[in-house]
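Morning, everyone. Please bring the structure up on your screens, and we will walk through it together.

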Amino acid sequence: MVMATVHFTARLGALVPAKQARVDGATVRDVLKHIFAQNAQLKGYVLDEQGRLRKHVCVFLDGERLAHDAALATCVGPQSEIYVMQALSGG
Amino acid sequence: MERRALVSTRKGLFIYARDDGGWHLAQSHFGGSPVTLALADRRDGTLYAALNLGHFGPKLHRSEDGGASWEEIAVPAFPTGDGNPALKQIWSLEAGGADEAGTLWAGGIPAGLFFSEDRGANWRLVDSLWTVPDRARWFGGGYDDAGIHSILVDPRNSGYVIVGISCGGVWQTIDHGDSWSARTEGMYAAYVPPEKKYDTAVQDPHRVARCGAHPDSLWIQHHNGVFRSTDDAKQWNELHPPVSNFGFAVAAHPKDHLTAWFVPAHSDQRREPVDAAMVVNRTRDGGRTFETLRAGLPAPAYDLVYRHGLDVDEDGECLVMGSTTGGLWFSRNGGDEWQFESTRLPPIYAVRMY
């Protein structure tokens with residue numbers, strides 16, 4: 001089973017669970033979906049209402065920054081580390 | 001009488017209070033976060049603050065204890081799919097009618113109008129305006145997308161609502177949002193080819209204001225002029241204020257339908273005070289003549305007052321004005337004299353007296 005570890009930017013503060021959980025999912029979208037199922041408020045900070053990654057949020061997978069438009073569909077590995085960060089384009 | 005003012009800025013919400021000693025900063029909230037506007041609902045005392053977090057999108061917060069504590073509530077959202085956009089910013093937020101407790105209207109960028117019946121716990125897009133054929137020709141005025149910046153509920157009938165759109169004109173419903181009619185007769189646009197001059201869809205009313213006691217009396221600061229209506233927006237007539245007919249903000253006297261205030265700025269190319277002198281234009285005779293008020297306002301100065309940067313209290317005496325360079329002024333005598341608030345504030349997006 002694929003179990004990725006997800007880290008969120010500290011800027012999201014109290015919205016983010018204190019304990020880093022290992023989360024099931026085949027793609028970045030799947031992994032995030034599982035997290036948002038437990039935390040609906042966080043979802044609105046990372047995705048817009050059309051389910052797209054917000055313009056100034058970026059995702060790193062195993063040390064590589066993912067292209068914005070392809071990020072959610074990217075496949076994750078069994079030990080992947082995902083970082084959801086602020087893009088500096090957002091100021 | 002005690003007065004308070006909500007000052008929404010690039011770096012948080014500031015609440016000012018007036019006592020016998022004048023105005024003072026009473027509270028600050030959301031430090032570091034852009035607050036695009038705030039609302040004090042006179043029906044139940046609730047405060048609302050709309051944030052636009054640069055990375056994490058628009059948010060809406062509510063306080064039921066005068067600002068002591070805030071909770072994040074639902075933000076208006078476009079329905080999923082059908083090529084629908086995502087909300088970029090809440091650009092207007094108003095209480096519904098006095099007989100509709102808990103109702104709220106919100107206008108967005110893009111130009112969706114949203115309605116809540118439960119104090120912002122849930123929102124729905126007003127489809128009837130989103131689907132008017134004209135919307136395909138609306139365009140952004142100052143932003144990439146068109147937006148709704150003015151929402152005016154008729155105090156005589158809560159189902160009568162006027163909205164102002166940049167750029168998309170002025171629209172009115174008389175059936176609580178089931179259908180809409182364009183209300184731009186008499187307006188013209190100087191920034192399009194001549195054959196499009198009177199096209200409803202290209203009109204850029206920067207801000208629309210209404211006299212509460214005489215709701216048929218409306219004022220507009222338009223991109224290329226100042227207009228007034230005396231018949232509930234059926235016909236608009238151009239006025240000719242001194243200094244400049246360009247600007248963003250207008251405030252209508254809540255009782256006297258002949259009085260309104262405007263903040264002129266130098267042309268759409270420059271957007272700064274004419275001759276580097278901050279002034280306010282006031283008419284007290286329905287726009288036939290204007291006085292240019294300068295007492296207490298700075299020169300030289302390069303402050304620009306955005307469309308939500310001017311407001312007047314329910315008596316029509318006390319005014320508040322905020323600028324994009326963080327200048328904040330209060331007047332207690334209808335604009336005759338202005339007092340500068342010495343705190344160096346962040347850029348001010350919106351002010352609201354309550």
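Let's start with one pair of residues. M3(A) stands opposite D24(A), which sits in β2(A). Keep in mind that this is a predicted model.

So which strands are we looking at there? Strand β1 of chain A covers residues 3-8, and three bridges join it to β2(A). The two run antiparallel. In general, strands of a sheet pair through backbone hydrogen bonds, either parallel or antiparallel.

Now zoom out to the whole sheet. It is an open sheet of five strands in chain A, and its pairing is mixed. Read the order across: β2-β1-β5-β3-β4. Which strands stand at the edges of this sheet? They are β2, residues 22-24, and β4, residues 64-65, of chain A. Each has a single partner strand, so one side of each is left without a neighbour in the sheet.

A helix goes with this sheet. Helix α1 of chain A, residues 28-38, lies across β1, β2, β3 and β5 of chain A. Here β3 is 57-61 and β5 is 81-86. The helix runs at about 115 degrees to β2(A).

On to chain B. Its secondary structure comes to two helices and 28 strands. The radius of gyration is 19 Å, close to the 20 Å that the globule rule gives for 354 residues, so chain B is as compact as a globular protein of that length. Along its principal axes, the C-alpha trace of chain B spans about 55 × 50 × 40 Å. Of the 354 residues in chain B, 51% are buried. Take the contacts in chain B between residues at least 6 apart in sequence: 49% of them join residues at least 24 apart.

Let's pick out a sheet in chain B. This open sheet has four strands, in the order β12-β13-β14-β15, and the pairing is antiparallel. The edges are β12, residues 147-153, and β15, residues 181-182. Each of those has a single partner strand, so one side of each lacks a neighbour in the sheet.

Follow the first pair. β12(B) and strand β13 of chain B, residues 161-166, pair in the antiparallel sense over six bridges. Look for G147(B), which stands opposite S166(B) in β13(B). Now stay on S166(B). The peptide bond from S166(B) to C167(B) is cis, with omega near -5 degrees. Where does C167(B) lie? In the loop between β13 and β14 of chain B, with β14 at 169-173.

There is another cis bond to find. It goes from A299(B) to P300(B), with omega near -5 degrees. P300(B) is in the loop between β23 (291-293) and β24 (310-312) of chain B.

Next, a hairpin. β17(B) and β18(B) form one, with two residues between them. Strand β17 is residues 218-222, and five bridges join it to β18(B) in an antiparallel run. One facing pair is I220(B) and F227(B). Is β18(B) mostly covered or mostly open? Mostly covered: four of its five residues, within 225-229, are buried.

Now two backbone angles. Most residues other than glycine have a negative phi, and most peptide bonds are trans. F30(B) has a positive phi of about 60 degrees, although it is not a glycine. It is found in the loop between β3 (22-29) and β4 (35-40) of chain B. Why does F30(B) count as buried? Because it has 20 C-beta neighbours inside 10 Å. S267(B) also has a positive phi, near 45 degrees. S267(B) lies in helix α2 of chain B, residues 267-270. S267(B) is exposed, with 12 other C-beta atoms within 10 Å.

Let's go inside. The largest nonpolar core has 101 residues. Those with the most contacts inside it are A38(B), A50(B), V250(B) and A251(B). Leaving out residues up to four places away in sequence, A251(B) touches several residues, including A209(B), W261(B) and L319(B). Apart from that core lies another, of 21 residues, among them A4(A), V23(A), V46(A) and L47(A).

Last stop: where the chains meet. Twelve residues of chain B are in contact with 14 residues of chain A. What kinds of residue does chain B bring to that side? Six are nonpolar, five are polar and one is charged.

Note on methods
Residues are numbered from 1 along each chain as its sequence is written. Chains are lettered from A and ligands numbered from 1 in the order in which they are written. This is a predicted model: local features need pLDDT of at least 70, side-chain atom pairs count only at pLDDT 80 or more; totals for chains, interfaces and linings use all residues. Two strands pair if DSSP finds at least two bridges between them. Two residues are in contact if their C-beta atoms, placed from the backbone, lie within 7 Å. Ala, Val, Leu, Ile, Met, Phe, Trp, Tyr, Cys and Pro count as nonpolar, Asp, Glu, Lys and Arg as charged, and the others, Gly among them, as polar. Axes are lines fitted to C-alpha atoms, for helices over the stretch in contact, and angles run from 0 to 180 degrees between N-to-C directions. A nonpolar core is a set of buried Ala, Val, Leu, Ile, Met, Phe, Trp, Tyr and Cys residues joined through C-beta atoms within 7 Å. The radius of gyration is taken over C-alpha atoms; the globule rule is 2.2 Å times the number of residues to the power 0.38.
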